[in-house]
Amino acid sequence: MNRTVTPGRVTAAVDGDVVVFLIGMRVNRWRSVRHWLPVLTAMPRMLKELERDPESGMLGYRVLTSGPREYMVIQYWESREKLLAYAHDRGRAHRPAWAAFNRRAREGAGRVGIWHETYEVPAGASESVYSGMPGYGLGAVYGVRGLGAAR
């Protein structure tokens, strides 16, 4: 991850469609460690697997927290098709993790929650502005270019 601050106002150098995948979990019952810990530890394994495979289609990601209970990953993908191909591939880390979560969810009655959202943004329909920031979001994934005159 590049930590060098880019001076001035810039925008992400996006040329084409953007696919943004948000996924998160929420610990609903702290004492139910056997339900939420496997969910929490599965995501880093998947992210490492995806980082090792540039052909997977994942362009980059950022992990965020909202207090000790909630965790979220923002992922950027080349296409929705590549995202779904990874999700359904029986030979990759996601399928067994998803199956295990569903088994625990049946017996766990909401002790841990998960969610995801996928956004397909057509070319030219995204906006990003960074000022005095290191690479972040779309700018970290696609690089940045100057904005020109102030808006």
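Visitor: How many bridges join strand 2 to strand 5?

Guide: Strand 2 and strand 5 run antiparallel, and two strands are said to pair if DSSP finds at least two bridges between them. Helices (H or I, at least four residues) and strands (E, at least two) are DSSP runs, numbered from the N terminus. The number of bridges joining strand 2 to strand 5 is 10.

Visitor: What should I know about the model, and what secondary structure does the protein have?

Guide: This is a predicted model, in which local features need pLDDT of at least 70 and side-chain atom pairs count only at pLDDT 80 or more, while totals for chains, interfaces and linings use all residues. Residues are numbered from 1 along each chain as its sequence is written, and side-chain values use heavy atoms, with hydrogens and water left out. From the N terminus on, the elements run β-β-α-β-β-α-α-β-β-α-β. The secondary structure comes to four helices and seven strands.

Visitor: In what order do the four strands of the open sheet stand?

Guide: Strand 2 (residues 18-27) pairs with strand 4 (residues 70-77) in the antiparallel sense over eight bridges, and Val-20 has Tyr-76 in strand 4 as its bridge partner. Strand 3 (residues 58-65) pairs with strand 4 over seven bridges, again in the antiparallel sense. Strand 3 and strand 5 (112-121) are the edge strands, each pairing on one side only. The four strands therefore stand in an open antiparallel sheet in the order 3-4-2-5.

Visitor: Which residue in the hairpin of strand 3 and strand 4 takes a positive phi?

Guide: Thr-65 stands opposite Tyr-71 in strand 4. The hairpin of strand 3 and strand 4 has four residues between the strands. The residue with a positive phi, near 85 degrees, is Gly-67.

Visitor: Which strands stand at the edges of the sheet of three strands, and why is one side of each left without a neighbour?

Guide: Three strands form an open antiparallel sheet in the order 6-1-7. Each edge strand has a single partner strand, so one side of each is left without a neighbour in the sheet. The edge strands are strand 6 (130-133) and strand 7 (144-146).

Visitor: How are helix 1 and helix 3 oriented to each other?

Guide: The axes of helix 1 (residues 33-51) and helix 3 (residues 94-108) come within 10 Å and cross at roughly 165 degrees, where axes are lines fitted to C-alpha atoms, for helices over the stretch in contact, and angles run from 0 to 180 degrees between N-to-C directions. Angles under 35 degrees count as roughly parallel, over 145 as roughly antiparallel, 65 to 115 as roughly perpendicular and the rest as oblique. Because of that crossing angle, helix 1 and helix 3 are roughly antiparallel.

Visitor: Which residues of helix 3 make the contact with helix 1?

Guide: Contact means heavy atoms within 4.5 Å. On the side of helix 1, the contact is made by Arg-34, His-35, Pro-38, Val-39, Ala-42 and Met-46. On the side of helix 3, the residues are His-94, Ala-97, Phe-101, Arg-104, Glu-107 and Gly-108.

Visitor: Is Val-19 buried or exposed?

Guide: Val-19 lies in strand 2, and its contacts, leaving aside neighbours within four places in sequence, include Tyr-76, Trp-77, Thr-118 and Tyr-119. Buried means under 20% relative accessible area, exposed over 50%, and partly exposed in between (1.4 Å probe, protein chains only). With a relative accessible area of 4%, Val-19 is buried.

Visitor: What is the relative accessibility of Arg-92?

Guide: Arg-92 lies in the loop between helix 2 (80-88) and helix 3. Not counting residues up to four places away in sequence, Arg-92 touches Glu-49, Leu-50, Asp-53, Ser-56 and Tyr-86. Arg-92 counts as buried because its relative accessibility is 18%.
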